Structures are given as structure tokens and as C-alpha cells.
Amino acid sequence: MRARVVWAAAAIAAAVACSSCAARAAADSVYTSLRESDCHPPPPEAAASYEQRDLGVQQCPAPAGWQLLLASSDANTWVDIRGATVAWSAERAIVYEMPIGLFPSVDTATNVEWRRDGRGTLTAVIVRVLAQDRESLTTQQSRVFVARVTPTTICVIGRAATAAEARALADGTRGC
């Protein structure tokens, strides 16, 4: 009987101690496509607000519980992300606040990287943006934008030159 109690106590202690194991587990990524062949028109109620602004929009694959919209004007493209309690557009950051050159647009040939913590909770979104160089109009520039994601907020926390730098930023502590 005493052995069972000791074993049960040890099992409970191990479970409690390891309840934070998932939190310490390494972050990982889920990738979704922005390629035209993988995206489709969104439901009419989602498309209406874009049509009112004379914008194009496509719904692209996203992790469960999230919606990824690829929005476009005549000169730019960006992503909009919607969750159960949050909606966010990258337009302001990509096109107006942090443009990397002329005609900045999301690189639809690359995937969107959705970063998750060790518990599988979405923590950041990483998107590559291309733009025409201001000095040499025949050259393109590329940067990777990183947005912090919480259940109630999404915001750009920075941009990086490489995917590795973007992942380090995404996995860091910088918040909105």
C-alpha cells in the first residue's frame, strides 16, 4: 500500500513538474501558401469591404482558427489576418509606415510562416516582402516582416534581412 502511495505521489510530482515542459519546448513553424493556385475568393461577406475600397482579395490557407487574406491594390499587396477575436491588416506597415522600396508587395512565391510556442499557440507571423529599389529601378529588395500575434492583438514588431533573423525576432520577447 505504501509503495502505491509513494508511486502515485511521484507520478503526480512528475506531472506537475512537467506541466511547464511544453512551455519550454522549442518553438516551431507551420507554413501556408500565398500562391494563386492555393488561394480562392473569400466568402461574399468578407469580400464586400475590399470591393468597397476597390481592392482585390483572395483567401489563402491558414492554421485552424485563423483566416489569411491576400489583399491587393493596383500597386501593392499585403496580408490581412483574422482570428476569433482579432482582425489585422499589414497594409499600413508594409505600404506606408515601413516600406522597403517602391511598390512593396508580399512575395506570393514564398510561404507565410506561422510561429508557435512549445504549447502550439500561435505567437508570430513571418511574411517576405519585395519592393523595387529606389536607387536602381531594375533591382528588387527583400525584407521579412514579423508580426506578434496574441489572442487580442497583432502588430508588426520588426523586419529582418533573413528568415533566421526573423525567427529569432519572432521567438523573442518583443511585444506590441
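Visitor: Is Arg116 buried, partly exposed or exposed?

Guide: Buried means under 20% relative accessible area, exposed over 50%, and partly exposed in between (1.4 Å probe, protein chains only). Arg116 has 26% relative accessibility, so Arg116 counts as partly exposed. This is a predicted model: local features need pLDDT of at least 70, side-chain atom pairs count only at pLDDT 80 or more, and totals for chains, interfaces and linings use all residues. Residues are numbered from 1 along each chain as its sequence is written, and side-chain values use heavy atoms, with hydrogens and water left out.

Visitor: Which residue forms a salt bridge with Arg116?

Guide: Side chains of opposite charge can pair when their charged atoms come close. A salt bridge here is a side-chain nitrogen of Lys or Arg within 4 Å of a carboxyl oxygen of Asp or Glu. Arg116 pairs with Asp28, with the closest N and O atoms 2.7 Å apart. Arg116 lies in strand β7 (residues 112–116) and Asp28 in strand β1 (residues 28–32), so the pair ties together parts 88 residues apart in sequence. Strands (E, at least two residues) and helices (H or I, at least four) are DSSP runs, numbered from the N terminus.

Visitor: How many salt bridges does the structure hold?

Guide: The structure holds six. One of them joins Arg115 and Asp171 (2.4 Å, N to O). Arg115 lies in strand β7 and Asp171 in helix α5 (residues 163–171), so this pair ties together parts 56 residues apart in sequence. Arg115 is buried, at 7% relative accessibility. Asp171 is partly exposed, at 38%.

Visitor: Which residues are linked with Arg115 and Asp171 in a network of salt bridges?

Guide: Glu113 and Arg167 are linked with them.
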